[in-house]
Amino acid sequence: MRKIKRAISILLTMILMTMVFAGCGDTGDVSDSSANAPKEDSAQVDSDQEDADKQDASATPQQTQKITIGVIDGSLAGGIVWCAQQEGIFEKYGIEVETQTFTNGMVMLEAIDNIDVALTGIGGILAGTINYDAQIISVIAPDSGTQYLFVRPDGAIAAAGQGHNTLSPEIYGDAESWKGAQVLSTSGNVLQYLLMNVLDGFGLTLDDVQVTWMDMPTCNASFLAGEGDAATVTGSVSYAEDKADYVVAATGPMCDLGLTTCMLAEPAKIEAPETHDAMVTFLKACFESVDWMQDNIDAAEAHMIDWCEYCGQECTPELAKVYLAADPNYTLEEVYAMMHEKSSQGDYSVVEERLLKILDFYVACENYVESDKDKFLDNKLTTSIIDEVYESK
């Protein structure tokens with residue numbers, strides 16, 4: 001029995017030593033192989049990791065961004081947004097856009113606290129930058145093509161004929177026929193600017209006429225109902241069939257107004273990471289919508305009809321075609337250049353110089369004061385959003 005126990009003990013000892021030596025041998029082998037094996041390229045490791053991260057990111061649904069914007073009823077800028085919504089472009093970019101509509105830019109900027117981005121013309125641009133501390137984050141399109149000033153065919157202005165205005169020989173009337181005229185117009189926006197330019201071309205000011213200020217839809221309806229000697233309108237309303245019997249006294253292109261539409265936002269929202277990122281995404285989607293509209297004219301015209309009808313404005317296929325051609329939207333490259341390239345004077349960007357020229361006219365007409373120019377130039381244009389959009393293309 002003692003011999004058996006001893007044999008078992010010896011056997012167990014031998015098994016234990018074998019296991020220990022085997023373990024030491026494995027450790028030595030791993031050490032030797034790691035020392036002698038070629039090292040894996042660190043750049044390849046980083047690349048593989050980056051690919052893996054991208055796969056993980058694409059596999060994980062991105063959180064939907066949200067943004068609230070303001071647009072003017074029936075406007076071309078609003079048409080960009082409408083097309084993006086109808087064609088699923090916003091959905092493609094993972095952004096949910098809440099759209100609020102306004103009758104004009106002045107009213108829109110009064111609600112700037114409730115919207116993230118305002119798409120507006122000169123009235124909203126100047127009010128926003130001077131009175132509401134908003135900043136221009138992008139440029140949208142020219143804004144002169146759809147500005148029209150109509151007069152009655154049996155009135156004194158039409159009877160005076162053309163050729164008496166220094167801005168264009170096509171403009172109807174003369175100083176005498178315009179003095180004391182009853183004019184219906186919208187205050188503080190492109191339509192007031194059109195009216196002031198036309199009067200200036202006759203050597204007149206707003207004090208020489210009797211203006212009733214009202215929103216554009218009311219202005220149009222009142223003129224059609226028989227009120228006033230002249231009326232300013234814009235958008236699809238300018239080309240509507242109900243204007244066939246009236247005389248086009250002047251248009252934006254006749255006056256070479258140099259107007260533009262822009263996107264504005266409050267500085268705090270531009271700087272806040274969440275709204276900043278949403279603005280970048282929104283602009284990316286808008287520029288894709290602009291490209292889509294250029295490549296799909298017929299479909300874009302159909303969307304414009306729906307957009308105008310949604311806003312309570314009549315729009316025929318012929319009207320939609322003319323409307324879209326009046327003020328072609330700027331491309332991303334054009335906007336980037338306008339916001340970065342220096343003007344002919346070299347002091348400001350192209351868009352700043354253009355807006356300053358318009359502001360100068362308002363100052364001369366006493367709608368703004370000289371000190372308002374300093375407010376406008378006090379960092380009222382930021383390229384932080386458009387730069388990020390441009391660099392990501």
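**A strand and its two partners**

Modeller: Happy to! In strand β5 (residues 148-151), Y148 and F150 point one way and L149 and V151 the other way, and all are buried. Buried here is under 20% relative accessible area, with exposed over 50% and partly exposed in between, using a 1.4 Å probe and protein chains only. Strands are DSSP runs of E with at least two residues, helices are runs of H or I with at least four, and both are numbered from the N terminus.

Please keep in mind that this is a predicted model, with local features needing pLDDT of at least 70, side-chain atom pairs counting only at pLDDT 80 or more, and totals for chains, interfaces and linings using all residues. Residues are numbered from 1 along each chain as its sequence is written, and side-chain values use heavy atoms, leaving out hydrogens and water.

Now to the partners of β5. Strand β8 (residues 230-233) runs antiparallel to β5 and is joined to it by 4 bridges; two strands pair if DSSP finds at least two bridges between them. Within that pairing, A231 of β8 stands opposite F150. β5 is also joined by 4 bridges to strand β9 (residues 247-251), again antiparallel, and there L149 has A250 as its bridge partner.

Just after α3, G88 has a positive phi of about 75°.

Another buried site is S177, with a relative accessible area of 13%, which lies in helix α8 (residues 175-178). Neighbours within four places in sequence aside, S177 is in contact (heavy atoms within 4.5 Å) with A156, I157 and A160.

As for the whole protein chain, it holds 19 helices and 10 strands, and 48% of its 393 residues are buried. Of its contacts with a separation of 6 or more, 76% are between residues 24 or more positions apart. The accessible surface, by the Shrake-Rupley method with a 1.4 Å probe, comes to about 19500 Å², and carbon and sulfur atoms account for 50% of that.
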